[in-house]
Amino acid sequence: RLESWYPYIYSFTCSGCRISVSSVCFVMARRELPPEDSDLSRLFTRLWEVDDNRLTSGHDYAINLQGGTKRFWTRDHARDPLFTFVASTAFKRPTYKTFVALLDNYERATTVAESVTPEEERENWAFLDAIMDTRPMKETHRYLVEKGKSPHSERDFKRQLYDIWFKLYRRTRETRSLDSSGFEHVFVGECRGGQGREKREVIGFHNWIQYYLQEQLGNVDYKGYLLNKEPEGPHTRLLTIQFSWKNETKPQGSTFIGTSPEFEVAIYTVLFLCGNNGDNVLTVDRHRCNVKVYHHGRNLGTAFPIEL
C-alpha cells in the first residue's frame with residue numbers, strides 16, 4: 001500500500017451570519033499498489049549490475065542527510081547542502097559530459113515556448129550517441145526489440161529515443177506554445193504558476209546531477225529528507241527530499257542518487273513503452289520501489305522513483 005496526500009474540500013455555514021465558507025485540507029489515504037513486475041525487476045537489476053558509470057558512495061560522492069521533514073512543513077531542517085562533494089572526474093565521463101551539456105538548453109517557466117537551435121539539436125544527438133555506447137542501453141534496446149516495442153536498427157531506436165525525450169509538446173493549457181519535453185521535465189525541472197493568486201511551484205526535477213550542479217551554483221536550498229521513509233543513511237541510492245530552486249519550493253521530490261544518466265534513461269524508457277501509466281512496483285538490486293511514469297497524451301509526462 002502507498003500513503004498519499006489528497007485534497008479534501010469541506011464547507012460549513014455560520015448560523016449567526018448565514019455565510020457559507022469553503023476550505024481545503026489534505027488527508028492521508030492509502031491505496032493499493034499493483035503487484036511487483038518480476039520480469040521488469042529482473043531487467044532493471046541487470047541494468048543496475050552493468051551500469052559501469054554508476055558512482056560509488058564515499059569515493060565518488062558523499063551526501064549529508066541532516067534533518068527529516070514532511071511535505072507541508074515549511075521550516076528548513078537542513079543547515080548544510082545535501083551533497084558534501086562529487087568527484088570532478090565523474091563529469092569527464094562521456095555520458096555525464098554530454099548530459100550536463102543539455103541542462104542549460106531550456107526555459108525554466110512553463111508557458112514560455114521552447115526552441116531548439118541547431119547546436120542544441122547536435123547536443124541532443126551527442127548524448128544519445130554516448131549512452132548507446134553503454135551496456136545499460138544496449139541491454140535496454142535488446143529487451144525492447146524482443147518485446148516488439150522498438151525497431152531493430154540502432155539508428156531507428158535512437159530516433160525513437162529522441163522523440164520520447166526531446167520532442168517538444170504543450171504541457172500548460174493556458175498556452176499554445178510547445179513549452180516542455182520529457183527530458184526537460186524529468187531531468188532539468190520546470191516552474192509553473194505565479195499568475196493571479198496561483199503560487200509558483202517547481203515541477204519535475206528528478207535528477208541528482210542537475211540537483212548537485214544547481215546546489216553548487218547556489219540556486220538550490222536543501223530543506224531535509226521526507227520522513228515517510230527513513231533513508232538507509234549516507235549510502236542510500238534513492239531519496240525523497242524537500243528543497244527550493246531559485247526560491248520556489250518543491251515540497252516533495254524523489255531521485256536516484258549516484259546512478260548514471262544512461263541507467264535512468266533506460267528504466268524510464270522501458271516503463272514508458274512497457275509499464276503501467278502510473279505505478280510500477282519493482283525491485284532494483286535490493287531496493288524495492290515504485291517507479292512512477294505518467295504519459296502526457298502520447299508523450300512522456302514525468303518519471304520518478306519512490307522507495308517502498
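**Salt bridges, strand pairing and nonpolar core**

D163 is partly exposed, at 37% relative accessibility. Buried here means under 20% relative accessible area, exposed means over 50%, and partly exposed lies in between (1.4 Å probe, protein chains only). The model is predicted, so local features need pLDDT of at least 70 and side-chain atom pairs count only at pLDDT 80 or more, while totals for chains, interfaces and linings use all residues. Residues are numbered from 1 along each chain as its sequence is written, and side-chain values use heavy atoms, with hydrogens and water left out.

D163 pairs with R159 in a salt bridge. The closest N and O atoms of D163 and R159 are 3.9 Å apart. A salt bridge requires a side-chain nitrogen of Lys or Arg within 4 Å of a carboxyl oxygen of Asp or Glu. Both residues belong to helix α5 (residues 154-166). They sit four residues apart, so about one helical turn separates them. Helices (H or I, at least four residues) and strands (E, at least two) are DSSP runs, numbered from the N terminus. R159 is also partly exposed, with a relative accessibility of 40%.

The structure contains 13 salt bridges. Side chains of opposite charge can pair when their charged atoms come close. One of these bridges joins D39 to R42, at 3.8 Å from N to O. D39 and R42 lie in helix α1 (residues 38-49). Their spacing is three residues, which means a separation of about one helical turn. D39 is partly exposed at 26% relative accessibility, whereas R42 is exposed at 55%.

E248 is in strand β10 (residues 248-256), and R200 is in the loop between β6 (190-192) and β7 (201-203). The pair therefore ties together parts that are 48 residues apart in sequence. E248 is buried, with a relative accessibility of 19%. R200 is partly exposed, with a relative accessible area of 28%.

The chain comprises eight helices and 13 strands. Strands β11 (residues 281-284) and β12 (residues 287-296) pair in the antiparallel sense over four bridges. Pairing requires at least two DSSP bridges between two strands. T283 has R288 in β12 as its bridge partner. The two strands, β11 and β12, form a hairpin with two residues between them. In the turn, D285 has a positive phi of about 60 degrees.

The chain has 308 residues, of which 51% are buried. The largest nonpolar core holds 69 residues. Such a core is a set of buried Ala, Val, Leu, Ile, Met, Phe, Trp, Tyr and Cys residues joined through side-chain atoms within 4.5 Å. F44, F83, W165, F183 and Y268 touch the most other members. Helix α8 (residues 261-274) supplies the largest share of this core, nine residues.

F183 is in contact (heavy atoms within 4.5 Å) with F99, L102, L103, Y106, F127, W165, F166 and V188, leaving aside neighbours within four places in sequence. Across the chain, 60% of the contacts with a separation of 6 or more involve residues 24 or more positions apart. The chain exposes about 15500 Å², an area computed by the Shrake-Rupley method with a 1.4 Å probe, where for residues only the protein chains shown count as cover.
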